[in-house]
Amino acid sequence: MTELFREEYIDFRRNKERCDYIVVGLAPEGMVVVWLWSPNKCVEVGCYWAEESDAYTIRQIAPGSKTVHDNKTLADYAHTLWTKKADLVENFNKNGLGNKIWDTYREWFTYRVVTEYIDGATGITDYIRTDFYNAEIDCFKEESLQTIYNFRQWPRMKFLNVVWSDKEDIYEVNIDFDEEEVFRHFATMFPEGEDTQAEMVVQIGPDNLHINLLLRNTADPTKEVIFHNADIKVYKLRYSTVGEHISVLNPKK
């Protein structure tokens with residue numbers, strides 16, 4: 001964790017940043033996940049398991065809560081939180097308690113991100129940001145941008161942002177993946193028990209407004225799956241003199 005806190009990265013504004021928060025996530029049955037976080041980078045430190053205990057009181061867990069003020073119990077506190085989340089109650093009644101989905105989110109695969117300029121397009125990729133289902137975030141710019149073309153172990157992708165230039169114009173695409181489609185395509189591309197490498201390919205057309213997104217087997221490029229359900233939005237950007245986004249023009253979905 002100390003080394004990760006010291007590690008610098010370049011954000012899309014060319015500012016040097018570091019992780020500056022420790023984030024703890026809790027899942028059913030005692031799963032505890034720890035991340036180091038900053039706005040454009042999040043690194044999973046580890047996954048741990050808590051042991052069930054009834055030795056704690058509401059005063060130890062939430063000493064400033066209204067539950068303590070009203071002299072109520074930890075069970076009362078939990079019930080109050082639970083009844084405010086009707087969607088969680090409905091999900092619990094349907095699926096029960098378990099952490100299987102969180103284990104699935106933390107599965108890793110060997111792949112990389114590739115930008116392809118097709119049908120005569122001649123853009124230059126400037127920045128890539130990747131968000132994953134295990135809550136990790138990574139961003140790549142300048143020298144680090146070349147490293148995204150190296151294969152690495154990554155979870156399933158949840159969001160992808162690419163910024164590129166075409167002559168004097170600058171464009172950006174934001175891609176929100178459809179969870180059901182992601183799980184289906186990764187199962188197709190990475191069969192259980194096989195050592196597969198793949199590419200997440202962002203194809204950019206000559207008008208810079210039409211994007212194809214696909215997952216391709218690098219050993220056999222004829223094996224690919226296309227993401228039809230991803231929410232893809234393309235923007236033409238305008239920058240201030242200091243290089244910051246000041247408006248978004250011509251969004252095209």
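A: In helix α7, which covers residues 179–189, the residues E181, V182, F183, H185, F186 and M189 are buried, meaning that they have under 20% relative accessible area with a 1.4 Å probe and protein chains only. This is a predicted model, in which local features need pLDDT of at least 70 and side-chain atom pairs 80 or more, while totals for chains, interfaces and linings use all residues. Residues are numbered from 1 along each chain, and side-chain values use heavy atoms, without hydrogens and water. Helices (H or I, at least four residues) and strands (E, at least two) are DSSP runs numbered from the N terminus.

The buried residues of α7 pack against α6, β6 (109–117), β10 (157–166), β12 (197–204), β13 (211–217) and β14 (224–226), where contact means heavy atoms within 4.5 Å.

The lining has 30 residues in total, and L26, A27, P28, E29 and L97 lie nearest the centre of the pocket. A pocket here is an open set of points on a 1 Å grid where a 1.4 Å probe fits, with protein on both sides within 12 Å along at least five of seven lines, and lining residues have an atom within 4 Å of a point. About 1,300 Å³ of space lies inside the largest pocket, counted as the space filled by probe spheres set on the points.

Methods: Buried < 20%, exposed > 50% of the residue type's maximum accessible area, 1.4 Å probe, protein only.
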